[in-house]
Amino acid sequence: MLADGRPPALVEALLASAASRPVSNVITSTVEEITGVPARTFRSWAEEHADEFRWTSKSESPRHLGDRLGARDMPTPGAGLDAGVKV
């Protein structure tokens with residue numbers, strides 16, 4: 001966040017609030033209502049999709065990985081939130 005130009009006081013406040021936030025075990029049906037598929041943990045999703053994030057050759061780069069995943073027009077690294085990602 002600092003590298004993207006965020007004020008140090010804001011970064012410290014965000015980190016402090018994240019560290020002190022209570023754990024939430026709230027489970028809703030929203031994901032299933034919207035997608036028709038029950039929600040799952042990030043871990044299970046990541047394990048199911050891990051192969052899609054592995055580079056297949058030394059010449060492949062993160063840009064190529066984004067293209068393979070269908071993420072076109074990705075912002076350049078460090079461009080910040082206002083770079084406008086189209087996926």
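Modeller: Let me begin with exposure: buried means under 20% relative accessible area, exposed over 50%, and partly exposed in between, with a 1.4 Å probe and protein chains only. This is a predicted model, in which local features need pLDDT of at least 70 and side-chain atom pairs count only at pLDDT 80 or more, while totals for chains, interfaces and linings use all residues. Residues are numbered from 1 along each chain as its sequence is written, and side-chain values use heavy atoms, with hydrogens and water left out.

Biologist: Which label does Met1 receive, and why?

Modeller: Met1 is in the segment before helix 1, and its relative accessibility is 46%, so Met1 counts as partly exposed.

Biologist: What makes a patch out of Met1, Leu10, Leu14 and Leu15?

Modeller: Patches take residues with over 30% relative accessible area and no salt bridge, joining like charges within 9 Å and nonpolar side chains (Val, Leu, Ile, Met, Phe, Trp, Tyr) within 5 Å. A salt bridge, in turn, would be a side-chain nitrogen of Lys or Arg within 4 Å of a carboxyl oxygen of Asp or Glu. Met1, Leu10, Leu14 and Leu15 form a nonpolar surface patch with about 350 Å² of accessible area together, the areas coming from the Shrake-Rupley method with a 1.4 Å probe, and for residues only the protein chains shown count as cover.

Biologist: Is Val11 buried or exposed, and why?

Modeller: Val11, which lies in helix 1, has 7% relative accessibility and therefore counts as buried. Leaving aside neighbours within four places in sequence, Val11 is in contact with Met1, Leu2 and Arg6, contact meaning heavy atoms within 4.5 Å. Val11 and Met1 are ten residues apart in sequence and 6.6 Å apart in space, C-alpha to C-alpha. Met1, with residues up to four places away not counted, touches Arg6, Val11, Leu14 and Leu15.

Biologist: How many aromatic pairs does the structure hold?

Modeller: The structure holds two aromatic pairs. In one of them, the rings of Trp45 and Phe53 have centres 6.0 Å apart and planes at 65°, so the pair is edge-to-face. Rings of Phe, Tyr and Trp (its six-membered ring) pair if their centres lie within 6.5 Å, and planes under 30 degrees apart count as stacked, over 60 as edge-to-face and the rest as tilted. Phe42, Trp45 and Phe53 form one aromatic cluster. Trp45 is partly exposed at a relative accessible area of 30%, and Phe53 is partly exposed at 42%.

Biologist: How many helices and strands does the protein chain have, and what is the mean pLDDT?

Modeller: The protein chain has four helices and zero strands, and 7% of its 87 residues count as buried. The mean pLDDT, the predictor's confidence in each residue from 0 to 100, is 77, and 63% of the residues reach 70 or more.

Definitions and conventions. Helix = DSSP H or I, 4+ residues; strand = E, 2+ residues; numbered from the N terminus.
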